[in-house]
Amino acid sequence: MNLKIFVDYYNAGEEKLFECYPNYQELKTLVGKEITISKDEFLSYMMFTEQADEDGWRTFLELKKKVQHRLGDIQDILDFSNGSIQSKQSSERMFASKMTERIGVSIGINVINKFHSLTEADWAITPNTYIDGKRVKDFDYEIEMASDGVKFIQVENKGTVSDDNNLKSTSVSKHYGSIKAKKSNIITRNKDNEICENENIYYGTIAVLDNTNTAKLWLVDPEAFQVEWSPRKFKLISRLLYYSDIFSIIGVHKAIQKSLKDRISQLIESENIEDFNKNPLKSNARFPMTFLETSNFVNINNSLAFGAFFFIENDNGGDVFIMALTKTIIKLVIAQDFDNILEYEFVDAEFLEKVSIELSVRSSKISSDFEKTKTDFVFDKKRKRYFYQKYQKISSISSGRIFGLIDSTKIK
């Protein structure tokens, strides 16, 4: 499902500033009209992305604690029934829950991804990036940042809710002032570091919802931070960090996880990352089953993707939530094929409809959560595993992440 977003410049003055952007001609074809973003991509940012928090998504246990709450929040506060995004709650309640911040990030980054053909994996480096518990000071920037491999794409995302998003409310004006105020500080910082201007792009975005109209996104032009790394190095490390985090969540073999983290550290220190191109990660594991150590195994569309599942509680017992990655990107990361990692974008028309999802769990690993679930697993005595199969729609995004709740009705 796609969601409509009306995108426009904040005012005529801001539009004039965008004329010097290297992609201004492309922007002219997209700005001042409705564009569409993927609902799955929007939900993924709302549920999993922590732009300023290094903890929370590194293990399945952490994911389990958060995802149930996030799912409930999205259902309670947002409406997608008219093909866009609308608020079910008043602006005061949305501000109090800090959901406007998450909405601003999700809509803003999704729109910028459309502008530059980026994926969620390109935004993994945050102002607080940690590897093995150590903060990486090379990434000490105040804003979200990605790379398209040639230049840096930087954003500051704001979000708000109003009674009528055709009008610029007081909160919208405050966000605009906050974004523009950083411009002089950035110019000073770049001058102090003797960093020359280049074609880096810095967008300010203000997403505004109401309960009637199509969601809106206003574009603002701040000054760009300049970055000392090459765009290719930044993009590669961002993507490897992203997949490293998901490897941890879905239970990829610990030897692979460690090898990947070591490689990321080597790449950060390296003056020539190409020395490591196509130098595979160390692993004795065989693909695919033994690449994952999880007892709760997920196989999607006959080995197109693999992952793990866990149970989240509800009034009727428990639902099953899955997280997976495509086999292709798992193999590319292990092979350290830099060009194909950088170019990877998952698009599969089958995921617009129903796909085959098989869940299995070893009988020796049955938990109390498993016993309470309403999902009808079948026991295989020979293999000593419980199985469940379903054909259903599941969320998938361009980074290769696949996620969502499993229908509890067993396939007939």
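Is Met145 buried or exposed? Select this residue first; the model is a predicted one. Met145 has a relative accessibility of 2%, under the 20% cut-off, and therefore counts as buried. The residue lies in strand E7, which spans residues 144-147.

**Helices H3 and H6**

Next, display helix H3 (residues 39-48) together with helix H6 (residues 99-116). Their axes come within 9 Å and cross at roughly 140°. The crossing of H3 past H6 is right-handed. To view the contact, show the side chains of Glu41, Phe42, Tyr45, Met46, Met47 and Phe48 on H3. On H6, the partners are Met99, Arg102, Ile103, Ser106, Ile107, Ile109, Asn110 and Asn113. Coloured by class, this contact comprises nine nonpolar, three polar and two charged residues.

**Thr119**

Proceed to Thr119, in the loop between H6 and strand E5 (130-131). With 1% relative accessibility, Thr119 counts as buried. Beyond its neighbours within four places in sequence, Thr119 is in contact with Tyr45, Asn113, Arg239, Tyr344, Glu345, Ser398 and Ser399. Two of these, Tyr45 of H3 and Asn113 of H6, also take part in the helix contact described above.

Now select strand E17 (residues 395-396) and strand E18 (residues 401-406). The two strands run antiparallel and are joined by two bridges. Ser396 stands opposite Ile402 in E18. Four residues lie between the strands of this hairpin, where Gly400 adopts a positive phi near 100°. Five of the six residues of E18 are buried, so this strand is largely enclosed by the rest of the structure.

Asn301 is not a glycine, yet has a positive phi of about 50°. Asn301 is located in the loop between strand E11 (296-300) and strand E12 (305-314), and its 15% relative accessibility makes it count as buried.

Finally, select Gln336, in the loop that links helix H10 (327-335) to helix H11 (338-343). Gln336, likewise not a glycine, has a positive phi of about 55°. At 0% relative accessibility, Gln336 counts as buried.

Conventions: Residues numbered from 1 in each chain as written. Predicted model: local features only at pLDDT ≥ 70, side-chain atom pairs only at ≥ 80, totals over all residues. Heavy atoms only, no water. Axes fitted to C-alpha atoms, helices over the stretch in contact; angles between N-to-C directions. Left-handed = near helix turned anticlockwise from the far one by under 90°. Contact = heavy atoms within 4.5 Å. Nonpolar A, V, L, I, M, F, W, Y, C, P; charged D, E, K, R; others polar. Buried < 20%, exposed > 50% of the residue type's maximum accessible area, 1.4 Å probe, protein only. Pairing = 2+ DSSP bridges.
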